[in-house]
Amino acid sequence: MTTRLITAFVIAFILSAGIGYFLVPWLRRIKAGQSIREDGPVWHMSKAGTPTMGGIMFIAAVSIVCVTVGFSDMLMGEYGHIFVLVFALIYGAIGFLDDYEKLRKKQNLGLTAKKKFLLQLVVAIAFIFLLRNFGYLTPNLYIPFFNVTIPVPETVYFVFAAFVIVGTVNSVNLTDGVDGLAAGTSLPVFICYACLCLAWGGDFSALGIFASGVAGALLGFLIYNFNPAKVFMGDTGSLFLGGAVCAMAFAMDMPLILIPLGFMYIIETLSDIIQVAYFKATHGKRFFRMAPFHHHLEMGGWSGHKWKEKELFCLFTGISAFTAVISFIAVCGRYGI
């Protein structure tokens, strides 16, 4: 199994990097340039016109890995990695529609928030029922660190699961605001998933291939997305990535692992919520210089030091790596390891 996970990682890396070699110039030729938020940091305006929808390169790489390296699993009737892939692909398609609308309108406004929420919610509910029907998911909450499982009424669990998925997907989307940030923050997350699948073995082999493939593909993508970025992943990539993050947690029947493992995503989301609530409560005052949190640091919030994009990448990726190790320790004993 170790060899297969390494193979998935290496092939995904090569494919992602190779696709990017052709995709980035093509996106530039068709003028698929990103529009930048006018209320964002002023220095981000220089990024206007940078090609977007670059997430296609790692989406394609992961898809190919799942149906090639994971083919033997399908022959044995194991389709967990395909379920997760299809779910993430549908979210990526929603992101693609959003990116297309932005490009068509030539502004940083795509699908309405209501449309995106409803689409994401319907897909989340369908995915939860699919996992439940095929036995990947139980209506019980596994508690990390304590190694106990708490039964939950099925209806309550489904409502909880649907909103956790939508929340997680959009949290990952929020993190995609600085060169390489979403990819760097997510890389340790998928390495953690892959290591858990390797440790647990058996039924988790196929899911491990997906996780390892995403990790390798993200590394290949970072060749083009690391500061200064030659391409952005767009909502096409960030929604796919968010879908993959939460789909793995539910397919492994441990959604609460998203709390420690997705710590940086939670920080980004909370900063946005706090900013809006504080702004309304104080009639126009701001708690952060700008939300989400990475922009607050970028603009010299609290310390006065204006974090550069490479510094933010190292900070977020480093913290994510630390929480990934903690998360591995928190659940690795679930199956007697």
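Is Phe287 buried, partly exposed or exposed? I found a relative accessibility of 40% for Phe287, which therefore counts as partly exposed, since buried means under 20% relative accessible area, exposed over 50%, and partly exposed in between, with a 1.4 Å probe and protein chains only.

Before going further I noted that this is a predicted model, in which local features need pLDDT of at least 70 and side-chain atom pairs count only at pLDDT 80 or more, while totals for chains, interfaces and linings use all residues. Residues are numbered from 1 along each chain as its sequence is written, and side-chain values use heavy atoms, with hydrogens and water left out.

**Aromatic pairs**

I then looked up the aromatic pairs, of which the structure holds 18; rings of Phe, Tyr and Trp (its six-membered ring) pair if their centres lie within 6.5 Å, and planes under 30 degrees apart count as stacked, over 60 as edge-to-face and the rest as tilted. For Tyr278 and Phe287 I noted ring centres 5.6 Å apart and planes at 70°, so this pair is edge-to-face. Tyr278 is partly exposed, because its relative accessibility is 33%. Both residues belong to one aromatic cluster, which Tyr278 and Phe287 form with Phe288, Phe293 and Trp302.

**Salt bridges**

Next I took the salt bridges, defined as a side-chain nitrogen of Lys or Arg within 4 Å of a carboxyl oxygen of Asp or Glu, and by this rule the count comes to four.

I began with Asp73 and Arg4, whose closest N and O atoms are 2.5 Å apart. This pair links distant parts of the chain, with Asp73 in helix 3 (residues 71–75) and Arg4 in helix 1 (residues 2–29), 69 residues apart; here helices (H or I, at least four residues) are DSSP runs, numbered from the N terminus. Asp73 counts as buried because its relative accessibility is 4%, whereas Arg4 is partly exposed, with a relative accessible area of 22%.

I went on to Asp98 and Lys116, where the closest N and O atoms of the salt bridge are 3.3 Å apart. Since Asp98 lies in helix 4 (residues 80–105) and Lys116 in helix 5 (residues 113–133), the pair ties together parts that are 18 residues apart in sequence. Asp98 and Lys116 are both buried.

I also looked at Glu154 and Arg132, whose side chains meet in a salt bridge at 2.9 Å, N to O. Glu154 lies in helix 6 and Arg132 in helix 5, so parts that are 22 residues apart in sequence are tied together by this pair. Glu154, with a relative accessible area of 35%, is partly exposed, and Arg132 counts as partly exposed at 29% relative accessibility.

**Helix 11 against helix 13**

With contact meaning heavy atoms within 4.5 Å, I listed Phe263, Met264 and Glu268 in helix 11 as meeting Phe316, Ile319, Ser320 and Thr323 in helix 13.

Terms used:
Helices (H or I, at least four residues) and strands (E, at least two) are DSSP runs, numbered from the N terminus.
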